[in-house]
Each structure stands twice: as structure tokens, then as C-alpha cells.
Amino acid sequence: MRTNRFMPEFKTAQELRDIQLKGLQWTVSHAYNGSEHYRKKLSQSGVGPNDIKSLDDLARLPFTTADDLREGYPFPLLCVPFDQVVRIHASSGTTGKKKVLCYTKKDIDDWAHFFARCYEMAELTSQDRVQIAVGYGVWTAGVGFQLGCEKFGAMAIPAGPGNMDMQCQFLVDFQSTVMCCTASMGLLLAEEVNRRGLKDKINLKQMIFGSERSSEAMRARMRELLGVEHMFDIPGMTELYGPGTGLDCVHHTGIHYWADYYILETVDPETLQPTAEGEIGEMVVTSLRKEGVPLIRYRTRDLTRLLPGECPCGSILPRHDRLLGRTDDMITFRGVNIYPRHIDNILSTTRGISCEYQIVLDRKNDGKDYMTVKAERGQNVDSAQNDALSRNIATRIKHSILVSADVQVVDYGSLPRSEKKSKRVFDNRD
Ligand SMILES: [Zn+2]
């Protein structure tokens, strides 16, 4: 029995805009009255709580950044008295101070509600059994997966991460139908299920991956070993409640995001001007009903694009693309903003190519910039293929990124490998 309890009630784009305008007005006034830091920022930009007359006024508001959060450590941008704070979560940033976010009771309820919407979007039913194998604690948000699941009405199995013996046993004994974990763990689990010959004894239908994107290759492998029907990458960040801020539907045409909870803009990370629908930009979010720590034009540093058109599922909820990298990864080449993941995507979907590559940028004597892409041939692929492979890749780069690159196909194993994140971009231009 399918439910339809957590989807928004609005039916038209105009109704959505009305909800967003009300939410924006409330948020600006709440932030102005609740936080000295926000009041200062808003005053400096000359926009007060009474100045938000339409959604166009969003563009007049100042950006909020990770620095604003760090400056106010330990409880930055808090807009309610402490007696209304019922929980904190923190994000384990790689540098500097952690970002700590405070939640009110309503924030927790709202999060549970829209997380339940994720399960509804993935077409779960109350018959489903959800094995939640992500972390629980201050840094992680397993509790979000769980509250959403309980609110939705499916059965939560709060397994926590790791412990493959236990995970496999739960899959068999409890007949879990949905697995929530990181993509890497999903892959390990798939190989473990395969090694133990359990595929016919389990009943897994869906996988929801948190905190880390799954690659096409990973998905194909998991599909083969586990026989699952649908896989989803769930987006989200601690600053904006946590995971669950949207989900693709079973048509997998992009992520439907909860535009009644937050406004999503994309901006050019250099000029901070909005990018057009369909164009890649930095994702900027403004919360519409967040009490503890509302966000006003928060720069996420994540790159994505808004997807035009309608989804075959008929949902009125707008869509954004998968996350396409971080703004720090951006390369400007001959006036075009390029993200290594762009090229990564092209190479990883080219047959005969391994997953190792390098992008080298040079400025030659003619003053122009040149790009060389070194791509490894796949293991056991004949070097006679080199020319055809490089032509194919160059054409695809030209077609999808609109730049010319000299593509060199090199022997399998000839590019350096690292257990940590490999350096893949070499910019020799300065
Ligand atoms: Zn859809």
C-alpha cells in the first residue's frame, strides 16, 4: 500500500512561490531578531526584515559562509534562546573549527517529516524493512534516517556501520528490503554477500547511499551482486538539518528537492552572479522554516545545476543534478569553468579506459592555454586501440564541455596511484 502523506500540498508553481516568499520573510525577520551576527550582516547590506516584498529580493541578501559558522563557534548563528534547543549536530570539517548546528524541537520534527518524504519518493511502503547502516552520533546523522523511517511507518533496523557478519545476518534473518549505508560500504557488503553465497537468501530491493556519491561502476557491481532494483544517493548537509534534503524518484532523472523547506540558487563561484537553469554553479541555500540556525544564502561550496523541465513522475518538486564536485576543484580554461568530475564522468563511461587519469594545463608561447588529458587504457585492452580511444574521448569532451583537449591514452598502470585522494590536476600555467 503506497502512501502519499509527506509530499507537499501545493499544486502549482505559484503556490510554491507563495510558500517560499512567506518562508523567506519569516526567515529574514527571525534571523534579524534572533542573532546579533545576522542582524549586523543584514544591516550592513541594507536589507531589513520589512524589505522582502518578493522572491527577487533574495538576491539583495548577503551570503552566509562556513566562516560565519566557524566564527560563532561553538553555537554560531543561533536564533533562539537555549531553552528551545533540543539537540546539536556537528560536521567534522577537515580544517579548522567544527561547525556546530543547534536544532529546536520543530527543526527535528521538520527533518523527520522531509526525511519520511525521501522514503515516500523512493516508493517504500510500511511493509519495508530499512537496515540503517550509517553512523549514529554527533558527527553523523543515522538518527535522521531512523526518525524519518519511523515517521514514515516502515520498520527501522538501526544497525550502525561496519560489522559485515551482523549486516549479512540481518539481511538474511530480518529480510531487510532497504539498505542505507555509504556507497563504499554497500560495495563491501555486496562482495561479502557474494562471497557467502547469500544472494538468493536475501530480499534487498533498494539502497540509499549517504555522505558519499556512488559511481556508475560501483552501482553496476552492486546491482549485479545484490540484485537490487533501485539505488539512490541521498543529498544533505549538517548545516541544512542533515541528509534527506531531496531524493531522485524511481525515474532517476535528477534529485527532487524540498523547495518548500529551502530555496536553492546556483551562482557562479567567482562572480557570485546567479547561473541560468541547466548551468553548473555553486549551490546556495536559504532555509524557509529553520528555527535554531536559519540559513540565508548559505554557500555550500558544492556544485550542481538546476534541471529544467518536468520529470516523468509528475512531481511538482523541482530537481537539481547530482553534486558535481566542490568549488575548490574548479578550473577556468579558455573562459570556460571546468570541473574535473566532468572529465571523470566521460572517462568512466568510456569502454576500454581504466579509472586513472590526469589533467594537465599548460600555457604555451602563443599565450594560449592547452589541456592535455592522460587516460589509462583498461587492463587487457590492446594498445592498438589507443588512437580510436583518444579520438572518442576528445570528441566527447568537446561535445559535452565545449573545450578541445589533447587526449593521450597511456598504458594500464603507468599513472601513479595513491590510497588517499590522488592528485589528478596539474596546472602549470603560472
Ligand atoms: Zn521524478
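Two strands count as paired here if DSSP finds at least two bridges between them, and it is in this sense that the sheets of this predicted model are described below.

With that criterion, 3 strands form an open sheet in which the order is β12-β13-β14 and the pairing is antiparallel. The edges of this sheet are taken by β12 (262-267) and β14 (298-304), each of which pairs on one side only. On average, and with direction ignored, neighbouring strands of the sheet are turned by 35° against each other. Strand β13, which covers residues 281-287, is joined to β14 by 4 bridges, and the two run antiparallel; within this pair, V284 has R299 in β14 as its bridge partner.

A second open sheet contains 4 strands, arranged in the order β21-β20-β19-β22, and its pairing is mixed. Because β21 (406-410) and β22 (425-427) stand at the edges and each has a single partner strand, one side of each is left without a neighbour in the sheet. From one strand to the next, the twist of this sheet averages 15°. Strands of a sheet pair through backbone hydrogen bonds, either parallel or antiparallel. Strand β20 (residues 369-377) and β21 are an example of the parallel case, being joined by 5 bridges, and along this pair K374 stands opposite Q408 in β21.

Two helices accompany the four-stranded sheet. Helix α9, formed by residues 340-348, lies across β19 (353-363), β20 and β22, and runs at about 140° to β19. Helix α10 (residues 386-401) also packs on the sheet, where it touches β19, β20 and β21, and its direction makes about 140° with that of β21.

These elements belong to a protein chain that has 10 helices and 22 strands. Taken along the principal axes, the C-alpha atoms of the chain fill a box of roughly 70 × 65 × 40 Å. How does the radius of gyration of the chain agree with that of a compact globule? For 430 residues, a compact globule would have a radius of gyration near 22 Å, and the value of 23 Å for the protein chain therefore agrees with this expectation. Buried residues, meaning those with 20 or more other C-beta atoms within 10 Å of their own, make up 39% of the 430 residues in the chain. As for how the chain contacts itself, 65% of the contacts between residues at least 6 apart in sequence join residues that are at least 24 apart.

How values were computed
Residues are numbered from 1 along each chain as its sequence is written. This is a predicted model: local features need pLDDT of at least 70, side-chain atom pairs count only at pLDDT 80 or more; totals for chains, interfaces and linings use all residues. Axes are lines fitted to C-alpha atoms, for helices over the stretch in contact, and angles run from 0 to 180 degrees between N-to-C directions. Two residues are in contact if their C-beta atoms, placed from the backbone, lie within 7 Å. The radius of gyration is taken over C-alpha atoms; the globule rule is 2.2 Å times the number of residues to the power 0.38. A residue is buried if 20 or more other C-beta atoms lie within 10 Å of its own, exposed if 12 or fewer, and partly exposed in between; C-beta atoms are placed from the backbone.
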